[in-house]
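Hi,

Here is the structure I promised to pass on. Have a look at it first, and then read on for my notes.

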Amino acid sequence: MGATGRAVRRRLPDGAAPAARRHWPVAAVLAAGLAVRTVALAGYPTGLWFGDSVGYLRVAVTLEPSITRASAYGVMLLVLRPLHSLFAVVAVQHLLGLLTAVLLYALVWRHARAAWPDRTLRPGLLGAAATLPVLFDGYQIQLEHLLLSETLFTFLLVAAVVVLLWNARVGVWTAAAGGLLLGLAGTTRSVGLPLPAIVLAWLLVRRPRAQWRSAAVLVAAFAVPLLLYATWFKAVHSRFALTGTEKVFLYSRTVDFADCSIIRPRPGLLDLCPRTPPPGVAPAFAVLWTRQSPFFRAPGGKMGSNERAGEFAWAAIRAQPVDYARVVVRDTLRAFWWKRTVYPQPPTFRKYEFPVRPLRLSRRQAKVARAYTHRVRPVHVVEPYAGWMRAYQHRVYLPGIGLGVMLAVAAVALAAGAGSAGPPAQPGRPRRSADGERLGGGGGGVFLDRAVAKRCRPAKPSHERVPPLLADAGPCAALRCRGWWWRGQGLRVHWRGRGWRFRLVGGEWLWGGCGGVVVEQAVGGCCRFDRLRRTGGVGSCVAPRCRGWWRWGCWSCPPPPPTSTTGMCCPLCRSVRCRLCWRSFRPAARVRACRQSGMAPSAGRST
């Protein structure tokens with residue numbers, strides 16, 4: 001047995017064994033997540049339908065964007081249409097769920113590895129823990145089984161966050177990729193449209209002067225998918241917009257509190273005054289999808305009444321701002337309750353659970369299914385796999401309070417990281433700061449608030465908005481875990497106020513911060529920082545192979561070549577051929593550094 005194991009190890013390619021030791025936690029959880037999704041496909045091979053599924057499939061069949069919702073998901077269905085199989089669509093969505101987990105793991109592992117370079121297993125465990133809600137939440141898996149756009153939207157949103165947080169400096173190409181992904185997410189779900197504003201604020205707060213070019217590129221890249229989609233919408237519906245009913249959905253948020261005796265609308269808007277909804281039905285759902293809707297017999301339907309609905313909604317908000325805020329807060333907190341509430345009505349709530357018995361398709365569903373797959377098949381339920389999934393969904397899921405705890409950790413990190421950007425970043429490694437928590441935690445909170453306040457799709461409970469927020473909250477909390485305590489090669493670091501406080505294991509406390517002074521400090525007699533520069537916040541590393549001091553910010557300087565006769569020009573490690581250090585300086589800084597050392601600029605050019 002031992003000889004066989006040695007033979008297998010000899011056959012492994014170089015680097016495979018270390019990679020297996022580093023990444024086996026995520027390999028294990030991915031295999032388990034794939035197994036659960038395989039059982040779901042075996043139990044429900046035909047996919048599950050929702051009210052919006054007909055509209056998305058109609059986009060793929062007719063090549064016309066939907067009036068009521070952004071329809072980039074319909075484009076994905078169009079790409080998969082040659083397969084003529086809803087099973088293939090659901091399988092692709094489950095694959096997107098697994099890829100979302102892989103992206104989250106890669107981001108968290110990269111940042112954790114930068115914080116704990118000497119720990120082989122700890123980054124992998126932390127990254128795998130961040131993927132658990134996405135991989136194993138029963139309602140998340142059921143949502144991937146529905147013919148809805150949430151899975152695609154979550155994947156695009158997570159991909160954009162990972163791209164923007166991959167490196168400390170957001171370059172032009174990184175900003176272009178992130179903006180393009182955010183634009184695609186905005187055309188998939190209009191609730192994602194304000195996210196670029198959060199990213200821009202994050203960029204400009206970090207480095208107002210250095211990031212303006214990246215911010216401009218991000219805005220331009222974000223606008224490209226939106227302009228293309230709006231052009232397509234105008235060609236079909238003669239209106240340059242993403243949807244034709246955005247004000248109707250805003251109106252639906254006001255029927256919970258609107259009082260026409262206080263609002264006093266003009267006579268042309270009196271028919272929009274709210275009525276008593278049917279028992280057990282939320283008012284926002286009733287005014288949109290039941291026969292009590294004022295748009296049911298209105299000329300032009302919802303799109304024809306869009307302007308009138310917007311006028312009434314803004315009048316209600318101006319007349320009753322406190323009531324509007326109360327409704328927004330109430331429905332926002334709904335996502336963080338311990339138990340899932342029946343909302344907006346029992347039949348709609350049950351569609352978020354795996355069905356018990358086979359379901360026949362309605363006439364509208366059968367018509368679009370025949371056009372897409374060339375056949376009509378009811379929703380099949382295959383036992384015992386379907387029973388396993390129902391039991392799994394009822395027992396394995398993240399309660400709303402768990403989501404709230406993760407967002408609270410990100411909020412605490414946001415407050416703790418305010419006022420300090422942390423140590424400088426190593427090329428190819430992320431910056432040790434609260435940037436990740438600011439972008440992920442702040443973006444997630446604003447995403448949910450806008451989803452409730454404007455309620456682009458108020459007919460559904462807030463549970464459908466939880467998966468994108470769930471995917472962002474996990475890495476936000478995980479990235480911040482390494483900020484409270486860091487230890488490496490005899491150095492312990494605590495966060496204190498607006499600076500960094502250092503302590504040798506057997507030594508004294510020292511204080512450092514941006515522009516401050518650090519007294520000579522030795523770690524194993526290797527490295528010494530004599531001062532902290534304001535430009536970049538780095539000092540002078542005089543040891544040729546210092547690998548312990550400021551590992552997350554000070555690069556491991558390679559030894560100078562023994563035959564070098566041009567002196568030392570690099571202000572970081574005073575080596576002529578230090579590529580990592582030299583590339584971190586702009587040309588003007590290179591010339592200035594060389595002049596200070598009495599050398600020609602060409603002498604310090606990296607080779």
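This is a predicted model: local features need pLDDT of at least 70, side-chain atom pairs count only at pLDDT 80 or more; totals for chains, interfaces and linings use all residues.

**The chain as a whole**

The protein chain has 25 helices and four strands. Of its 607 residues, 54% are buried. If you take the contacts between residues at least 6 apart in sequence, 68% of them join residues at least 24 apart.

**Salt bridges**

The whole structure contains 13 salt bridges. Back to the pair above: how accessible is E246? It is partly exposed, at 22% relative accessibility, and R239 is partly exposed with a relative accessible area of 22%.

D331 and R330 form another salt bridge, the closest N and O atoms being 3.1 Å apart. Here D331 is buried, with a relative accessible area of 1%, while R330 is partly exposed at 31%. These two residues also belong to a network of salt bridges that links R253, D256, R330, D331 and R334.

Then there is E383 with R390, where the closest N and O atoms are 3.1 Å apart. E383 counts as partly exposed at 42% relative accessibility. R390 counts as buried because its 16% relative accessibility is under the 20% cut-off.

**The disulfide**

How many disulfides does the structure hold? There is one. The partners are C260 and C273, and their sulfur atoms are 1.9 Å apart. The link is left-handed, with -120 degrees about the S-S bond. C260 is in helix α13 (residues 260-263), C273 is in the loop between α13 and α14 (283-289), and the two cysteines are 13 residues apart. Both C260 and C273 are buried.

**Aromatic rings**

You will find nine aromatic pairs in the structure. One of them is F50 with Y352, a tilted pair at 5.2 Å centre to centre and 55 degrees between the planes. F50 lies in the loop between α2 (16-43) and α3 (53-62), and Y352 in the loop between α18 (346-350) and α19 (363-373), so this pair ties together parts that are 302 residues apart in sequence. Both F50 and Y352 are buried.

Y139 and Y397 make an edge-to-face pair, 5.4 Å centre to centre with 90 degrees between the planes. Y139 sits in helix α7 (residues 138-145) and Y397 in the loop between α20 (385-395) and α21 (400-417), so parts that are 258 residues apart in sequence are tied together. Y139 counts as buried at 11% relative accessibility, whereas Y397 is partly exposed at 28%.

Ring pairs also join Y251, F295 and F312 into a cluster.

**Charges over rings**

Which ring does the charged end of R334 sit over? It is the ring of Y343, 4.1 Å from its centre. R334 is also one of the residues in the salt-bridge network described above. The charged end of R69, for its part, sits over the ring of Y56, 5.8 Å from the ring centre.

Cheers

Methods. Residues are numbered from 1 along each chain as its sequence is written. Side-chain values use heavy atoms; hydrogens and water are left out. Buried means under 20% relative accessible area, exposed over 50%, partly exposed in between (1.4 Å probe, protein chains only). Contact means heavy atoms within 4.5 Å. A salt bridge is a side-chain nitrogen of Lys or Arg within 4 Å of a carboxyl oxygen of Asp or Glu. A disulfide is a pair of cysteine sulfur atoms within 2.5 Å. Rings of Phe, Tyr and Trp (its six-membered ring) pair if their centres lie within 6.5 Å; planes under 30 degrees apart count as stacked, over 60 as edge-to-face and the rest as tilted. A charge sits over a ring if NZ of Lys or CZ of Arg is within 6 Å of the ring centre and within 35 degrees of the ring normal.
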